[in-house]
Each structure stands twice: as structure tokens, then as C-alpha cells.
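Subject: Structure for your files

Hello,

The structure we spoke about is below, with the sequence. My notes on it follow.

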Amino acid sequence: MADPRFFRLSGPFRLDELAEMAGAEIVGDTENTFNDVRHLEDAGPTHVSFLDNKQYVDAFTKSGAGACIVRAEFAERAPRGMSLLITPEPYMAYARVASAFYPAAPDGHGISPSAHVDPRASIGANVRIMPGAVIFQGAEVGDNSIIGANAVIGHGCVIGTNCQINANAALSHCLIGDRVIVHHGVSIGQDGFGFASNADGHTKVPQLGRVIIEDDVEIGANTTIDRGAGPDTVIGAGTMIDNLVQIAHNVQIGRNCVIVSQVGISGSTKIGDFVVIGGQAGFTGHLEIGSGSQFAARSGVMRNVEPGSILGGAPAKPIREWMREIATLERLAKAKGTKITKTE
Amino acid sequence: MADPRFFRLSGPFRLDELAEMAGAEIVGDTENTFNDVRHLEDAGPTHVSFLDNKQYVDAFTKSGAGACIVRAEFAERAPRGMSLLITPEPYMAYARVASAFYPAAPDGHGISPSAHVDPRASIGANVRIMPGAVIFQGAEVGDNSIIGANAVIGHGCVIGTNCQINANAALSHCLIGDRVIVHHGVSIGQDGFGFASNADGHTKVPQLGRVIIEDDVEIGANTTIDRGAGPDTVIGAGTMIDNLVQIAHNVQIGRNCVIVSQVGISGSTKIGDFVVIGGQAGFTGHLEIGSGSQFAARSGVMRNVEPGSILGGAPAKPIREWMREIATLERLAKAKGTKITKTE
Amino acid sequence: MADPRFFRLSGPFRLDELAEMAGAEIVGDTENTFNDVRHLEDAGPTHVSFLDNKQYVDAFTKSGAGACIVRAEFAERAPRGMSLLITPEPYMAYARVASAFYPAAPDGHGISPSAHVDPRASIGANVRIMPGAVIFQGAEVGDNSIIGANAVIGHGCVIGTNCQINANAALSHCLIGDRVIVHHGVSIGQDGFGFASNADGHTKVPQLGRVIIEDDVEIGANTTIDRGAGPDTVIGAGTMIDNLVQIAHNVQIGRNCVIVSQVGISGSTKIGDFVVIGGQAGFTGHLEIGSGSQFAARSGVMRNVEPGSILGGAPAKPIREWMREIATLERLAKAKGTKITKTE
């Protein structure tokens, strides 16, 4: 069971209730009840577990779990007496079941008397505003949203419904959709890095755009998203962004992308849908990155990328070419005394 | 027009007023008035636009902008009826004009009753202190400066005049000049990463220096600048620092440098004036980096660098050598079955 | 002398008192008193200095310092009249002496009336809670700990004794040992980056673990440490973490490691004891990294690593191999017109 200091266990749930959440078919007694999720190794008769990665088939065959979420192909290897929830997507189903046992919902709502909410801000129904949060005039917070302790919602910002803006996040110049999660320490909407330079130095160019964050986006801790210089910076619906990511002004990111920690995306680059970007990768500015493309961790992307490409290395290239270059250099370096013939 | 929830439009301005701001010569009727800035494609008869990058000459020749800031060489290609503001530095001139239409100035001043200002702090005239800001004893905030919501100004810190310290920034052990902008979530003045190590572990070495930030510096969101170990950490006047940059203890950065996002500069490295550092580059400690040098994104700099050098790669080397290495490896890897003759 | 706006000088101390702190043998008059630490070049008769790096022997022989902490081998090169504190570990001894002259202890304790402490939180003796700090219900703060301005201590978090949680840090779902230092803007305990994906998008998987931080850990500014997905994320005792480091869910780091700025460690990777990781290095997930291993800055680690290894490059390899590859490529690229014989 998860530490009760931090997580509130809900349930118990009957097998048929779990099947409905999971979108799974039942093998077993629908009236059996379960009171927690647990890994295969640790689970007992009142626990629900899951098997997604084939690597764990062995643990599955030995598990004491009362119920397990599995693909049909593994059903016959289940230990005797284990109830099954059969689905082609066990990890997705587990996500839903675990969310039912441990709902994210907070303990209540209301505006802390220690929060600072401008009377000209508009606050929806069932909103929770934690101590020390600051909400400026003209800001709007949608129904059921939570504003964390010491978070700052700037002048005119719009936060949709069912959002979580966590502790110490600082938002300005942004419009945020529904069900968006912004983790601790995120900075959104500050000036992009734009200036005109000459021999005397640098003169700031006003950054007159906004940050638009569509529905169901999650933004990791201490990530930074600058507002546009004129056009907006846009994060498409369903995109997941990890911690300490930098997104520069005018960047447009499509839907359902996955952007791992410490990635940096330079100004005006456009990224398609379902793009996956490994940790610490970097993109120069003004690129067009096709939908469905994938980038190994630490890729350094300097050119436009066709949809569906799989790249790695710096400068980034098709992953096989990158691998071959790594192998080639390794081989050459090991070939002690390699003879190099100069023709000129 | 920029979103009025976030930006306050000023003006209108007459062509001669704009010319004065821009330092430009006028072609057109000085009494024409203009009420906003707009890109070439979107501009109408009451808008001012600009042409800096030759790539947009075509858009310029077709633009409906009432006025455009351009270099003299393009004047004759202007569409009929367009007023011109002629200057050798159109982007710089645009920066000034756009700043006039959208002045950064806030809506007022005063100390929020929800701010926590120690009575032993010294607050200048026309200072604005937002809700939740904390200013400790002995701190000084200069005239016309703004301290953002939930920002923290530590014991004894000095902030100059006309500064902006934005939401959730945390400052300690620092002296900050005039017209400095510190964006959301910046951390300045914390202990440098210094300790004495032996087989039992690590013992903290007191970090007894400060952070000195000179005039006209801009520091991007969630950037970190450690205070010196004994000497100070110094950021020279006019230097522009992007988001998520790490500046370690005792680093000295010169004037008018440009440091792009996610760069890391290790302890005691000294960087000259007008140095430009691309994103995600890293510098080891105790280096001397000459003025006017430039570094490609993701450079890994491990040696001293002569003034005016242009480097790339990791370890960083002259950019042509780096490019040649990239091309060489590409060629070798593609040469399937390359014959390598071992002489030993 | 360190800037008195920021540092409180303690002392003076007698030579024998200093020797006891330093664990050093005395050469000189034990009754001599000293009132500050200073570098060799700047030190006068009432100052204590130290010589650790041989590079500074010359400065040592010319120094005006009243006392110097040195290894026995340099004792005879001391200038006439200089008292000596002889120890095999001068830098460690200096760390202790400097800490005595400049104790970190704050000016007092007590809970600021501007802090927001839930009555159901438990606050130890001599705790200092700064203005704007928020401490939620069920949280515990141990004796002598300091909670900085606008820091947030989430529901149920446990902070040990003699800790410093600095300004604008945000903590949730974590258990923190004794003598832990958390710098400005750190985010701890937020959701790990876990979700189940299919063609419709990504579904969040509840993150049900915690962050465990053992005793004597230091965590640099704006660093992020995600809580575990089910297992915990663990930082071992005595480990030093620099600024802007990313530590993902389920990562386990051993004791007394050193992790330099902007390093990223992906989910479920286990790192042994006394591991040293250079700046901007990255680790993929699910790795086992042996104790005592060391990684050059910018290493890209993609495989398990044996204890005691010294690696560099991306993909990381033994440092000599990496160096040889760098040299090989350099050589090949310079060999203009290198003849490459295709055998097929």
C-alpha cells in the first residue's frame, strides 16, 4: 500500500467494476473484491496486479495476486485461482485501475485565507487555492482547478477546468486548457530571448505573443516555456513534457508528443504530433519536425525532419547511420597503427 | 494587436515621432499617424512593420503596411504609398518602436499589503512590490524597481533602480545593478558547489563570496547563479542570459555576452566581452575565454579560447575542423567495407 | 573579510582552538589569536590561510599569513614567523576552520507570523520558519531546521533535524533526513514521468512512491527529484547534488556521490556509492552503475558500468578509448585526401 501520509486509498472495488474501468474482459468471479494495486511479486489475494512486459511472465506465473490485468495470450499461464482482466493494453488498463484506487482528487476545495486573490480575478466553482498563491486581476480559474501553494497566476491568465497548477509555479501571459497539470516550479509566459544587437550591445525586442497550452498537457517541474515574440508559443493537446525542459518563443508543439527531461527547443521550431524526444536533446530554431518522428536522447537536431523519422546523434541523422558512425570510429580507434595514405 | 489581456497598447504615434525613436530618416508624410506594429504580411495602413532579413523582401513588396522600417537599399522596392523609416539597423529600430507601442511599465506602484517587507529593508521611490514577495532586513531596492509576486530578496541584497525581479525568483548574497531583469524562478546567490572530500565523504567549504550583476543584464527563467567561494561571481553589464543556464561559483562573465538556454559554466571560468554561447554548451572550470569568441550549440569547451575564435563540437575546436570531422566520419561510415591496413 | 551584509564573522580563535577544529598539529605559539581566513596572497598576520594545491607553493613561501594549514612536506618552506597547522588534508581542515569563522547559523529562530503553518503540522524545537513558507497538515519539521521564505512543505512530508530548506523550494511526498540542505527553487516529490500510451494518446499512471533523502545530502538550486512510481526514489547519505540536475522516478543513488550541474538520470537507474558524475552527463533508465565509478562531463551513459570505471563520451566508454577516438577522428579529418579503399 502506498504511504498513507501521501496517498489516499479508495475502494474496495469489485472485479466487474475494475473490468469496466479497465475496458477488460473478466475471467473469474465478478463479485470478488479487491482493495489495492501491487506489483506481481508482492501481491496477495486482495490485490490487483498487471503483466505488460514479457520479461515478467515468470513472476506472473508465480504471483499470489488475486487478480491480474493481462493480454489474452498469457491467460492460460495464470496461476490457479487468479482472476483475470483481459485486455490488449494492460498497462493502460492498470493506469486506470490504479487511478481509481488512488484518486488524485484533493481533500476539499475553497480559497485559503492566506492566498492573495485579486477581487477582479474570476474563480470558478469547486476551485481550491492553497496558501500563498497569488492570482492577479483579470485572471480566470476554471471549475475544479487547484492552484498550489505560492503559485503565481499573472494578470489576465486563463486556466481551464480540472487543472492542477502546483506549488511555486509562475504563470504569466498564457491561456491554459482543461485538465492541464503544471508541476512545481514551472515558469510559463516570461519574455522570449529576443533582442536586436549591434556594437553597442543588445536592445530588448518586446515579446508580444502568448503561451497557449491545450487540453490534457502535463508540464514537468522547473520547465520553462517562453511566450511568443508576436506569434504564440503553443503546446498541443495531450503532450507530455518532463522536468527542466526549455521551450523558446514561437515554438509550436503538436498533439500527444513526449518530451523527456532537459530537452531544449529553440525559437520558432515547429514539431508535429506524436513526436518522441529523448532526454537532453536539443533543436536549433526555425525547424520543421514531422509528426511521428523520434529522437534518441542527446540528439542535436539542426535540420528539418521528415515525418516518421528515427534519428540520433549530433548533428542528428537516421539512427542506423549514427550507430554505424559510432561503430566505425570505435573500430578505427582500436586499429592501432592504422595506415592512412595521403593522396595529396 | 497583441492580446489586451496581457499587453497595454500605447500610441498612436506620428511618423516623425516614430522616426525619432527609431533614429531613422523619413520617406512619407510626417503627420501620418500609426497605432500598432504588425508583421509585413498582416499589416494594414495604420501599422508599422519592418524588413531586416532579406528573406522577406518579397513580403515587403506586397505588404499593406502604412509604414515600414527598412535599409536604404530596399527603399525603391517599397509598394506605392508606403511611408518608410530608413535606417541601417531596422531590427534595432523596430525594437524601439515596438517598445513605444507596448511599454513594459506596470500599472502602478506601491507595496502590496500581502508582501512581507522587513522594516529594516530600504525601499526606494516608486517601487512596486507584489503580493507574497519577501524582502529581508538590510536589503535595498532602488527607485522604480518591481519585485514580483512571491519573489524573495535575501538579507542584505542590493537591487538597483528600474529593475524587474519577477515572480518566484529567489535572491541572496547579491548586489544587482540598474535596469536588470530577473525572470520567473531564477535562483541567485546560493552556495557554490564546494567541498573537501576524503574517504569519509564530503565536507562543505563555506562559500564566502557574492554574486555581482552589473547594469542592463537580463537573466532567463529558472537560471541559477551561485555565489563565489571567496572571490565573487560576476555578470558583466548588458549580458543576456537565457533560461535554465547554470553559472557556477567564481565565474566572471564580461559585458554584452549572449548565453543561450541550458548552457553550463563551471567554477572560476572567465569569459570576455561580446561572447556568444549556443544552447546546451558546457564549459569546464578555470578556463579563460577570449572576448568576441562564439560557440555553436552543444559545444563542450575544455581549453582556453583565444579572442574572436569560433568553435563547435565536444571537445570544442575551430568550427571548420569540427565540420570536417563530422564529414569525415560520415564518409568513413558510409564507405562500407572500408579497408583498414594495420601496419602493426 | 567576507561582506558583512551577508556573512557574520565569528572568532577570534587561538591557534590551539584552530588546531583542534582542524585536527592538525601545531607549529607556533598556541596562544596566538586569529580573526579571519584569507587566501595566501591577501593574508596578513591575523589571518589563517591554507596550502592544498602544489601550484600555490610559491604563494605560500611569500605569504604574509599569520598561520597556514599545510601538509608536513611543505613545513620547512614556510616563511619565517608563520604558524603552521599541519595535517594530511589541508583543504578539509580549511573547510572546518572557515566554518568556525563563518558559522552558517541564522540570526534566531521562531515562526514568522507571515508563514502559513497548518495546525496539524508538527514543528520541532528551535525551528525557524521564514515569511511566506507554507507547511501543510501532517508535515513534520525536526529540531533546529530552517524553512526558507516561500518554501512549501507538502502534506505529510518529514524534514529531519538541522536541515535547511531554502527559499522557494517545493517539497511533496518526501522523507528527508538530518542536516540536509535544499537550495533555492528545488522541486522534490512531484509525479514521475509515467504514462501508458496508445494511438489515442497518453494516460497518466499514478505515481505511488516517495522521495527518500538520507542524512547530510545537499541539493543544488532548481534541481528536480521526482517521486517513485511504486518503489521510492532514494538519495543516499552524504551525496552532493549541484544545480539543475534531473533525477527521475525510482532512481536510487548511493552514499557520498558527487553529481555536477545539469546531469540527468533516467528512471529506475541505480547508482552506487562515491560515484562522481561530471556536468551535463546523462544516464538512460534501468542501469546499474557501480560504486566508485567516475564520468567525464557530458558523458552519455547507455549501459551498466562496473565499479571503479572511469568513462567519458557518448555513448560512454573507458576514458582512454574515448580519448583515442577523439584523437583518431582528429587525425583522419586532418589527413586531407585520405584514401579510402572500398572493398565492396
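I begin with one helix. Of the 12 residues of α3(C), 9 are buried, so the helix is largely enclosed by the rest of the structure. Please keep in mind throughout that this is a predicted model.

The buried residues of α3(C) are C:P90, C:M92, C:A93, C:Y94, C:A95, C:R96, C:V97, C:A98 and C:F101. Buried here means that 20 or more other C-beta atoms lie within 10 Å of the residue's own. The length of the helix also checks out: α3 of chain C covers residues 90–101, and at 1.5 Å a residue its 12 residues should span 16 Å, which agrees with the 16 Å between its end C-alpha atoms.

Next, the sheet in chain B. Its 12 strands form an open sheet with mixed pairing, in the order β8-β11-β14-β17-β20-β25-β28-β31-β34-β37-β39-β40. At the edges are β8 (110–111) and β40 (317–318) of chain B, each of which pairs on one side only. Inside that order, β25 (residues 218–219) and β28 (residues 240–241) of chain B pair in the parallel sense over 2 bridges. B:E218 has B:M240, in β28(B), as its bridge partner.

On domains, the assignment for chain A gives three entries:

- domain 1, 13–101
- domain 2, 112–168
- domain 3, 184–344

Taken over C-alpha atoms, the centres of domain 2 and domain 3 of chain A are separated by 31 Å.

Then the contact between chains B and C. Chain B gives 52 residues to it and chain C gives 51 residues. On the side of chain B that touches chain C, β22 (195–198), β23 (201–204) and α4 (319–334) of chain B each supply at least two residues. The largest share of that side, 6 residues, comes from α4(B). By class, the side of chain B that touches chain C is made up of 16 nonpolar, 27 polar and 9 charged residues.

Last, how the copies are arranged. Chain C is superposed on chain A by a rotation of 120° with 0.0 Å of shift along its axis, at an RMSD of 0.0 Å. The two copies are thus related as by a three-fold rotation axis. What do the interface residues of chain C and chain A say about the surfaces through which the copies meet? Only 15% of the interface residues of chain C are also interface residues in chain A, so the copies meet through different surfaces.

Regards

Notes: Residues numbered from 1 in each chain as written. Chains lettered and ligands numbered in written order. Predicted model: local features only at pLDDT ≥ 70, side-chain atom pairs only at ≥ 80, totals over all residues. Contact = placed C-beta atoms within 7 Å. Helix = DSSP H or I, 4+ residues; strand = E, 2+ residues; numbered from the N terminus. Nonpolar A, V, L, I, M, F, W, Y, C, P; charged D, E, K, R; others polar. Domains from an automatic or database assignment. Pairing = 2+ DSSP bridges. Least-squares fit on C-alpha atoms with pLDDT ≥ 70 in both. Expected span 1.5 Å × (residues − 1).
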